[in-house]
Amino acid sequence: MSTYLWLMAAGSVLIFALYGLRCANAVRLPQLKKRAWETALLAFLFSALFGTVLARCGGALMTQELDFEYDGIAALEQLLEFDFDRMSFFCGALGVCLGVLLANRLTRKGSVWAGMDAFAPFGALLVCLFRMGECFAESWGTGASLPEGSPLAFFPLALKISSDGGYESWSWAVCVLSAAFALAWAAIAFFRLRSTGRTGWNFTLALFFLALPQVLCESMRSSGIYWLFVHAEQLLCALVLAGVILFWLIKSGKDLSFPRRWAPLGIYLLCISALIVIEFAIDGSKIKVPGMTHAAWHLVMCAVVAVIGVAGMAAARRWNRQASPVPSSPISAA
Amino acid sequence: MRAVLSVLLALLLLLPCAALGEAAPAAEPTLFSMPLPIDFSGGMVPQEEFYKDDWTYEDPTISVHITFRDDLSEYMTGYKGKKQSGAWIVDIRIGDASQLRTLAAVSFNKKDAKAVEQMAGWVNAVIAFNGDFAARRTEGLIIRQGETFKNKLKGALDVLAIDEDGDFHVFAKPKKGEIGDSIDGKKIINAFYFGPILVENGEVPAKFTTFRYLHEDDYYARLGICQVGPLHYKMIITTMQDVTVGMKLTDFARLCKDEGAITAFNLDGGYSAAMIFRGVMVNDTKSAEPRDVPDIVYFASAWNGEDIE
């Protein structure tokens, strides 16, 4: 745990320093440069606080581990136990976003969303960092076991896990896949999306495209917060996707017919239904298709996730088109 | 005349012996007590020479005999389909209680799951089964290999505790503080939290502690762990394939009782149910791929080939 914590702390400081640097580079006046650094510092402090608290509290709610009837008020002491499997990644990410939002609100005069847009690639980098950090979190970021002697049993494809009794095995490094998706989005956000689109474009796209591949990754993970066989974080991914698509659709297409306007949401709901069916098929208890292995079902899931991506992108473009582009400079509204 | 009388007398003396020979049950193997450490290390490697046939393993410390029963129509109450039910009955005797062991996929306070075959291979299990999935519950009692991982009983499910002598003790919906770390001065080595109790004192309880995922009235794959005598156990696992169906819970309890169980406890069944012998899964549920599980219960050999004269 300590290696993990140190790595995450050092990596977070570095990423927020880069965020500050980018904000400072975007302005010329020394006074604004100073304010940019203040924003980054406050964003770091608030994010660390809110991220940790929400991740732990969200985890406690999702695992339903606080049992006041059994433990009385002493149940709250469990909130101070920061095990990997008692923390919610998505609640932590929400805390980080709230922290950055609050920092921007306190240090800027105009819309905070320009600041959130500027933070989007750094948020993706944070996701990448924390997902890679799961490589040091025992078995937390892993998926199915590899057969003994598999030629694919090496990092970064797989991680070695040690069980009670010292038995070692290799499992798929799902956390590395999650990190790769996040890194890819960070690169796109840095090099393709800068200064394009309306305010909020970068941030909402980042939310969408960070949550999207995680639908697949959460399904592949063998650890996590479960409600019986349901991956709680996968449900949160789906909710984030629904929320972002709804935001785009509500804010645009008012001149379109009902079917055309809400088609992306319809496609999303169809895809989510398909994903539920696939999850049942992977579990094998309700649905069985001869010859379909878990890997094959995950390939099908990839295709479904891609369809959600296309539908979401259509909604995003429509929303972006229907307003005159506002450059998303991090300090423009200051 | 004296010779004839002698022969007749000898025959009279031999008659009871012959009768005894006919009536005597199959000799129980004499097993040596060679304790294994109470930790998460495995057992000794099963030796090929002790596999008597495809379904039997007998070495100086453990005997495992597997039979398949397909004559189970009397245990199919109310079933109107065309499929049959079958059950694997595994008769297990061990020389020492420490040969009944448990292992987690990663740890008993973690939710990770792995294939039963893989875990059985790590610990050189002669025979292994899935456990109780307790690591994924927020409440319950998890004592494994003498170590307590969780003791948060809320009167929801039944508990099976196995003491240091390998004897079973069952508790119906125990509440907070009802189970400590020992019973009658005997340390609890393993405790399972699932149930229900299928047989207690040789009788099927009038009522079961059930919960939704037991599918109590469905014809379902089930796994029962039974004690039939001192260091003598039976594991019973019903099939659920394309051509067979499992059993209702009440019928399964009756089967356990009729197989001689003094105490029997239901472990996780359905698509988790797994029995591994000689490194392969013997039973077959309908899953395309066997479900990974967080823990196993297994029986190990303690014979190291050197210590017994």
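## The β15–β16 connection in chain B

B:L231 is located in the loop that links β15 and β16 of chain B. B:L231 is not a glycine, yet its phi is positive, at about 55°. This description refers to a predicted model.

Strand β15 (residues 223–229) and strand β16 (residues 232–238) of chain B run antiparallel and are joined by 6 bridges. Within this pairing, B:C226 faces B:K234 in β16(B).

## Confidence of the model

For the complex, the predictor reports an ipTM of 0.72 and a pTM of 0.81. The average pLDDT of chain B is 87, and 88% of the residues reach a score of at least 70. Residues 15–25 of chain B stay under 50 in pLDDT, and the model gives this stretch 0 contacts beyond four places in sequence.

## The eight-stranded sheet of chain B

Strands β15 and β16 belong to an open sheet of 8 strands in chain B, ordered β1-β2-β3-β5-β16-β15-β18-β14, with antiparallel pairing. From one strand to the next, the twist averages 25°.

Helix α3 (residues 249–258) of chain B lies across β3 (62–69), β5 (87–94), β14, β15, β16 and β18 (263–267) of chain B. The direction of helix α3 of chain B is at about 45° to β14(B).

B:P196 itself lies in the loop between β13 (186–194) and β14 of chain B.

The phi of B:H215 is near 50°, which is a positive value in a residue other than glycine.

B:I127 has B:F299 as its bridge partner in β21(B).

Strand β10 (residues 158–163) and strand β11 (residues 168–171) of chain B pair in the antiparallel sense as well, over 4 bridges. B:I162 is opposite B:F168 in β11(B). The two strands form a hairpin with 4 residues between them, and B:G166 in the turn has a positive phi of about 85°.

## Helix packing in chain A

Two helix pairs of chain A are described here. Helix α1 (residues 2–25) and helix α2 (residues 30–63) of chain A pack at an angle of about 155°, and their axes are 8 Å apart. That angle makes α1(A) roughly antiparallel to α2(A). Their crossing is right-handed. Among the residues in contact are A:F16, A:Y19 and A:L21 in α1(A), and A:W37, A:A40 and A:F44 in α2(A). By class, the residues of this contact divide into 12 nonpolar, 5 polar and 1 charged.

In the second pair, the axes of helix α8 (residues 232–250) and helix α9 (residues 258–283) of chain A come within 9 Å and cross at roughly 170°. Accordingly, α8(A) is roughly antiparallel to α9(A). The contact includes A:L239, A:I245 and A:L249 in α8(A), together with A:W262, A:Y268 and A:I272 in α9(A). The contact of α8(A) with α9(A) comprises 13 nonpolar, 1 polar and 2 charged residues.

## A cis peptide bond in chain A

Chain A has a cis peptide bond between A:F155 and A:P156, where omega is about 10°. A:P156 lies in the loop between α5 (113–133) and β1 (158–162) of chain A.

Notes. Residues numbered from 1 in each chain as written. Chains lettered and ligands numbered in written order. Predicted model: local features only at pLDDT ≥ 70, side-chain atom pairs only at ≥ 80, totals over all residues. Heavy atoms only, no water. Axes fitted to C-alpha atoms, helices over the stretch in contact; angles between N-to-C directions. Parallel < 35°, antiparallel > 145°, perpendicular 65-115°, else oblique. Left-handed = near helix turned anticlockwise from the far one by under 90°. Contact = heavy atoms within 4.5 Å. Nonpolar A, V, L, I, M, F, W, Y, C, P; charged D, E, K, R; others polar. Pairing = 2+ DSSP bridges. pLDDT = per-residue confidence, 0-100.
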